[in-house]
Every structure is written in C-alpha cells, then in structure tokens.
Amino acid sequence: MRFVDEFRDPQLAKTLIERLHQRAELLPYSAKKPMQIMEVCGGHTHAIFKFGLDKLLPPQLEFIHGPGCPVCVLPMGRIDACCEIAAHPEVIFCTFGDAVRVPGKQGSLMNAREHGADIRVVYSPLDALKLARENPARHVVFFALGFETTMPVTAVTLQQARRECLSNFSIFCQHISLMPTLRSLLSREDVRIDAFLAPGHVSMITGIAPYHFINQEFSKPLVISGFEPLDMLQSVLMLVDQVCQATCKTENQYRRVVPEEGNVLAQEAMREVFTLAGSSEWRGLGLIEESGICLTEAYASFDAERRFSPQAQSVADDPRSRCGEVLTGRCKPHECPLFGTGCTPHNAFGALMVSSEGACAAWYQYRHQEVSVADKPQQQQQQQKACQDER
Amino acid sequence: MAELAGATTMCIGIPGQIVALHERQAGNAWADVCGLRREVNIALVCEGEPEALIGCWVLIHVGFALSRLDEQEALETLAALHAMEEVEADVALFLGAGEAR
C-alpha cells in the first residue's frame with residue numbers, strides 16, 4: 001500500500017480500508033458485478049487517481065467518473081461562439097485558464113488568440129471587471145463557466161457591475177446546474193449508478209436538500225464528501241454502510257464545510273441574477289432538460305450573447321472518440337481508441353483530456369505508464385528498479 | 001499563458017484568514033493566504049458587520065470567500081492541500097493575478 005503512506009494519517013487510512021474490505025463482504029455486489037459509485041466532482045476524480053484510491057477498494061466496489069468538470073462537458077459549439085465574440089476588435093475576452101485549450105470545431109480560444117483576438121486569462125471574474133473599468137473604450141466579456149460553486153461568484157460580479165453602471169462589461173454564460181444532470185444520468189437505461197459521492201463545494205453553496213430526489217425518486221444512497229483521500233474513504237464506507245443497512249439517504253461527511261442549508265447569501269445572489277434556461281447541451285451527454293442557466297431580465301444587458309448574437313452552433317461529438325461513454329462510466333479512459341495516441345494532454349482531442357480534473361487526463365497522468373508497461377513485463381521490472389533507485 | 005494553465009473553474013478552494021477590510025473597496029477585504037496578503041470579496045460570507053469577519057478563516061475560490069471555517073479545520077485543510085500539491089499552483093495563481101491587475 002505505497003499510496004497510504006502519503007496520506008495525512010496513514011494509520012487511520014489503513015483502518016478505514018480494512019473496515020471497507022470487511023463491510024464489502026456483506027454487500028449484494030461482487031467482483032463481477034461491483035457496486036458502481038459515481039464521483040461527480042472532478043476534484044474527486046483527480047484525487048482518486050493521484051492517491052490510487054480505486055486500487056485500495058475491495059473488488060465489490062468500483063468508481064465511475066461522472067461529468068463534474070465544467071470544462072469536460074463544454075460543447076464544441078459554445079467554444080466556437082466564444083471565438084466568434086472574441087474576434088470583435090473592441091472585445092477583450094476573459095476566461096479561466098482551463099478553458100483556453102478546449103478545442104471547438106474552429107479551434108480553441110488559444111488558436112483564436114494566435115489569430116489576433118484579445119483573449120486574457122483571469123483568476124477571478126473581478127479581474128475582468130477591473131479590466132472593464134480600466135478600458136472604457138473596449139468591451140470586456142467574461143466567459144462564465146462552471147457549476148453552482150462558481151455561479152454565485154459571477155452573480156456577485158454582475159451585481160457589482162450593475163451598481164457601477166458599467167456598460168462595457170458582459171458575460172458569456174455557460175453556467176450549468178448539477179442536479180438536472182444527475183437526474184438525467186439516473187434516467188438513462190444504459191447507465192448503472194448504484195451510489196453517489198457528491199461534490200463538497202457545490203454542496204457548500206446548495207445545501208443538502210436538492211439531493212433528496214436521488215434518495216426519494218431513484219432510491220440511491222448519496223454522501224457529500226470532502227476532497228482529501230481520508231474524506232473519500234470515509235464517504236465510501238458510509239455508502240457501503242447504507243447499502244448494508246438497506247437504507248438510502250443523503251449524508252454529509254463534509255459537515256465541517258457544508259452547512260445543511262448551504263450558503264444562503266449565495267443562493268439569494270444566484271436567484272437575483274440567474275434563471276433556468278430550459279435544456280442545455282452537454283458535451284458527451286447530449287441535451288439535458290432544465291440544466292441551462294441564463295441571466296434574468298434585470299441583468300439581460302450584461303448578456304454577451306444578446307449583444308453579439310453569435311451564430312448558434314450545434315456540433316456533433318466526433319464519433320471516433322468515446323468521451324460520452326467515459327463520462328457515463330461505460331468505458332474506461334484507456335479503452336478509447338484515441339487515448340494516448342490521437343488524444344493526449346498536450347494535444348487533446350476531447351475535453352476530458354484538457355482539464356487536469358478530466359478522467360482521461362488524470363488517467364494519463366497517473367496510470368498511462370502503468371498500463372503500457374503492464375503490456376511489457378520486462379520494461380516493468382526495469383521501471384520498478386528505476387523507482388527504487390530514485391527513492 | 002502556461003503559467004496560468006492551472007487557473008480553473010474547478011471547485012477546490014483555499015483557506016485564508018481575513019486580516020483587514022479593504023480601505024477603498026466596500027465588500028472586499030485582505031486575507032492572509034499562506035503568508036501572502038490578497039484581496040478577496042466577502043459579499044458571500046458577510047451577514048452582519050464586515051468588521052466581525054476580521055480574524056475569521058474563510059474558504060476562498062476564484063477571489064471570493066465562499067464559506068467560513070474554524071481555525072483547526074482551515075489549518076488541516078491547508079496541510080492536506082500541501083500534501084496534494086495543489087496549494088503551490090493555486091497560491092502562485094492567486095499572486096500572479098495580482099500582477100495582472
């Protein structure tokens with residue numbers, strides 16, 4: 001268990017793993033048909049690969065990696081619309097760094113920048129607001145991307161812009177709501193999810209009530225989990241215990257950060273600024289009803305799409321890649337024919353390879369070598385020797 | 001841009017301690033994050049008088065305090081982030097953003 005030694009409390013980790021193995025014996029699942037636990041948050045996916053948590057699980061349990069990375073579910077057509085807006089000479093287009101390399105049909109924002117568009121990477125939407133104040137002759141567009149964790153941040157930024165009567169600032173809204181996506185996944189016949197590990201920081205905003213439909217309508221257990229490996233092991237144990245006790249409820253392992261009611265101020269800000277926009281397209285998942293978010297009428301003047309009317313782009317996912325199957329747990333990243341050849345973190349074909357939180361990028365970073373050396377036993381021995389020498 | 005490749009939409013936050021209110025920008029405060037002073041927006045954690053936040057630990061995501069933390073929790077989270085090698089990249093960004101302003 002070489003990974004366990006890297007945990008903050010290795011002894012506690014060992015105890016948790018032992019208990020997991022004992023309890024898993026009681027599960028109505030087997031190595032052949034394991035209990036499939038979907039972790040919804042990209043941060044969780046990253047931690048699973050980094051710490052090899054999946055390898056510490058008993059054979060009756062398996063992680064499947066859900067769509068919880070906003071960049072990974074960003075449809076190509078939306079990137080094309082961003083590039084179209086960014087091409088306006090008066091526009092300064094601001095984005096978070098992980099969105100610049102996502103390929104659209106017409107290339108990425110990085111490519112658009114090489115072609116002369118003024119695209120800037122910002123750490124916070126407030127940086128974009130500041131650019132608008134400092135450049136009154138330009139129009140600053142912020143690419144607002146993300147789930148409920150990032151949504152209130154955009155909302156407060158727009159409230160500030162409105163107070164200041166800034167007329168040269170707008171957002172391109174690609175916020176998406178998590179709950180309709182979970183509902184959509186659960187409603188699909190080709191996807192089997194037995195339990196959820198729910199994201200800590202989305203829940204910190206939303207609180208726990210929005211998850212109840214998962215227990216009540218779909219009879220699946222759910223545990224809101226922190227990001228440390230120990231949090232996640234404990235959360236998995238809580239899920240296993242629920243199944244063993246034949247109950248299904250929403251439990252909060254991350255109580256130290258997630259209040260039951262969430263962040264009420266954030267919820268108020270979101271209600272003032274955003275409203276549901278009907279269905280939204282997700283990369284790899286298709287259209288999902290009621291998952292789209294747009295600005296309320298009071299904030300319509302801050303809508304970059306209204307201002308610039310980019311052409312609506314609907315770009316089908318490329319049939320050569322299996323992003324959608326990876327996103328729904330039907331395929332492991334390395335089983336995709338493009339993995340590691342036509343699609344690498346340096347030259348990503350699909351968005352799951354772009355973000356470090358994407359399942360494919362995480363697999364590539366932490367597993368790729370293991371898979372390729374497993375095919376070549378002699379190399380594997382050399383590799384192990386090299387590792388020992390390094391230590 | 002490579003130095004900013006980690007600036008993300010991801011939902012991980014960093015703990016910081018509010019040390020002072022911003023002199024000119026209402027709704028903003030100064031936070032100590034791993035020994036560095038940074039401007040953060042406090043609109044989403046400020047329920048009463050902003051002064052009451054001084055000394056409080058908060059979880060910071062893309063320049064906003066999103067949640068209050070108790071000190072023990074904040075320190076443990078920082079230790080865990082260090083262990084996960086997330087903190088260096090994020091702290092670098094946090095400061096890098098200051099230069100871009």
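## Chain B at a glance

What pattern does chain B follow, read along the sequence? Chain B runs β-β-β-β-β-α-α, with 2 helices and 5 strands; helices (H or I, at least four residues) and strands (E, at least two) are DSSP runs, numbered from the N terminus. This is a predicted model, where local features need pLDDT of at least 70, side-chain atom pairs count only at pLDDT 80 or more, and totals for chains, interfaces and linings use all residues. Residues are numbered from 1 along each chain as its sequence is written, while chains are lettered from A and ligands numbered from 1 in the order in which they are written.

Chain B has 101 residues, and 46% of them count as buried (20 or more other C-beta atoms within 10 Å of the residue's own, with C-beta atoms placed from the backbone). As for contacts (C-beta atoms, placed from the backbone, within 7 Å), take those in chain B with a separation of 6 or more: 43% of them join residues 24 or more positions apart.

## Two helices side by side in chain A

Over in chain A, helix α6 (residues 125-134) and helix α7 (residues 151-163) have axes that come within 9 Å and cross at roughly 20°. The axes are lines fitted to C-alpha atoms over the stretch in contact, with angles running from 0 to 180 degrees between N-to-C directions. α6(A) and α7(A) are therefore roughly parallel to each other (angles under 35 degrees count as such).

On the α6(A) side, the contact is made by A:P125, A:L126 and A:L129; α7(A) brings A:V153, A:T154, A:T157, A:Q160 and A:A161. Sorted by type, that's 5 nonpolar, 3 polar and no charged (Ala, Val, Leu, Ile, Met, Phe, Trp, Tyr, Cys and Pro are nonpolar, Asp, Glu, Lys and Arg charged, and the others, Gly among them, polar).

## A strand covered on both faces

In a regular strand, side chains alternate between the two faces of the sheet. Strand β8 (residues 222-225) of chain A has A:L222 and A:I224 on one side and A:V223 and A:S225 on the other, all buried.

Strand β7 (residues 195-199) of chain A pairs with β8(A) in the parallel sense over 4 bridges (pairing takes at least two DSSP bridges), and A:A198 has A:I224 as its bridge partner. β8(A) also pairs in the parallel sense with strand β9 (residues 250-252) of chain A, over 3 bridges. There, A:L222 stands opposite A:T250.

## Zooming in on A:L295

A:L295 sits in strand β13 (residues 293-295) of chain A and is buried, with 25 other C-beta atoms within 10 Å. Leaving out residues up to four places away in sequence, A:L295 touches A:C173, A:V273, A:F274, A:A300, A:F302 and A:D303.

Terms used:
A residue is buried if 20 or more other C-beta atoms lie within 10 Å of its own, exposed if 12 or fewer, and partly exposed in between; C-beta atoms are placed from the backbone. Two residues are in contact if their C-beta atoms, placed from the backbone, lie within 7 Å. Angles under 35 degrees count as roughly parallel, over 145 as roughly antiparallel, 65 to 115 as roughly perpendicular and the rest as oblique.
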